[in-house]
Amino acid sequence: MSLSGYNFVVLTIFSIFLTQAYGLPDVEPIDDVQPEETLRIHNEIRAAVGVAPLVWNETVADYAQNFADEQAEAGVCSYDQMRHSDGPYGENIAAGWVQPTDQMSGPIATKYWLTEKPNYDHETNQCKDTCGHYTQIVANQSTALGCGSFRCHDNELIYIVCDYYPMPLGDANTRPY
């Protein structure tokens, strides 16, 4: 065995020893979207008002993730810089800082959008205040969902982008449910 091969073996054994002695840092993989849970919560919200469930759609999710990637590459890291994609889908966007609990994610963004429900008056089909995120979730014209995410500020700020297919009409004459 050459000297360099010997050094490699010693370094490897030393690394294993240090890992055993001190452990590895507890690093969670980045899974901000959580597709199954995000879809489940969307469908619970829809079921509560009698709307058929959505299905997860990889084409829509790819679109959302591509848009998220474009925003990340452009350095869009403040909410006032964020714009919708203006693409072929309905779209909700949320942002939140990394937290010890209830960290921004697809499920948390969906629950946040649900807080707009009291602002929607179904009888008049009007919003008393912001309610477009909520009506996007429950729009009976949409049948599929896909979401993406990106992070800013050294992974401390998380953006969630969810797209809905087909895009609901969203006009004054069309109720979401």
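Me: Where does Q136 sit, buried or exposed?
Reply: Q136 is buried, at a relative accessible area of 11%. Buried means under 20% relative accessible area, exposed means over 50%, and partly exposed is in between, with a 1.4 Å probe and protein chains only.

Me: What kind of model is this?
Reply: It is a predicted model, in which local features need pLDDT of at least 70, side-chain atom pairs count only at pLDDT 80 or more, and totals for chains, interfaces and linings use all residues. Residues are numbered from 1 along each chain as its sequence is written, and side-chain values use heavy atoms, with hydrogens and water left out.

Me: Back to Q136. Which element is it found in, and what does it touch?
Reply: Q136 belongs to helix 5. Helices (H or I, at least four residues) and strands (E, at least two) are DSSP runs, numbered from the N terminus. Not counting residues up to four places away in sequence, Q136 touches G90, E91, N92, S142, Y164 and P168. Contact here means heavy atoms within 4.5 Å.

Me: How many helices and strands does the chain have?
Reply: Five helices and six strands. Read from the N terminus, their order is α-α-β-α-β-α-β-β-α-β-β.

Me: And what percentage of the residues is buried?
Reply: Of the 177 residues in the chain, 38% are buried. Among contacts with a separation of 6 or more, 69% are between residues 24 or more positions apart.

Me: What order do the strands have in the open sheet?
Reply: The open sheet has four strands in the order 1-5-6-2, with mixed pairing. Two strands pair if DSSP finds at least two bridges between them.

Me: Which strands stand at the edges?
Reply: Strand 1 (55–56) and strand 2 (90–97) do. Each has a single partner strand, so one side of each is left without a neighbour in the sheet.

Me: How many bridges join strand 1 to strand 5?
Reply: Two, and these strands run parallel. W56 has L145 in strand 5 as its bridge partner.

Me: What about strand 5 and strand 6, parallel or antiparallel?
Reply: Antiparallel, over nine bridges. They form a hairpin with four residues between them, and H153 in the turn has a positive phi of about 50°. G148 stands opposite V161 in strand 6.

Me: Then strand 2 and strand 6, how many bridges?
Reply: Eight, and the two strands run antiparallel. I93 stands opposite V161, and E91 stands opposite D163.

Me: Why is strand 2 largely enclosed?
Reply: Six of its eight residues are buried, so strand 2 is largely enclosed by the rest of the structure. Strand 6 has eight of its nine residues buried, so that strand is also largely enclosed.

Me: Which helix lies across strand 1, strand 5 and strand 6?
Reply: Helix 2, which runs at about 125° to strand 5. Helix 3 (residues 58–73) packs on the sheet too, touching strand 1, strand 2, strand 5 and strand 6, and its direction makes about 20° with that of strand 5. The axes are lines fitted to C-alpha atoms, for helices over the stretch in contact, and angles run from 0 to 180 degrees between N-to-C directions.

Me: New topic. Which residues in the largest nonpolar core touch the most other members?
Reply: W113, L145, I160, C162 and Y164, out of 22 residues. Such a core is a set of buried Ala, Val, Leu, Ile, Met, Phe, Trp, Tyr and Cys residues joined through side-chain atoms within 4.5 Å.

Me: Which element gives the most to this core?
Reply: Strand 6, with four residues. A second, separate core has twelve residues, including F67, C152, L157 and V161.

Me: What is C162 in contact with?
Reply: Leaving aside neighbours within four places in sequence, C162 contacts T38, G90, E91, N92, W113, L145, G146 and C147.

Me: Last one: how many aromatic pairs are there?
Reply: Five in the whole structure. Y120 and Y134 form a tilted one, 6.4 Å centre to centre with 50° between the planes. Y120 lies in strand 3 (residues 120–121) and Y134 in helix 5, so the pair ties together parts 14 residues apart in sequence. Rings of Phe, Tyr and Trp (its six-membered ring) pair if their centres lie within 6.5 Å; planes under 30 degrees apart count as stacked, over 60 as edge-to-face and the rest as tilted. Both Y120 and Y134 are buried. Separately, Y63, Y89 and Y165 form one aromatic cluster.
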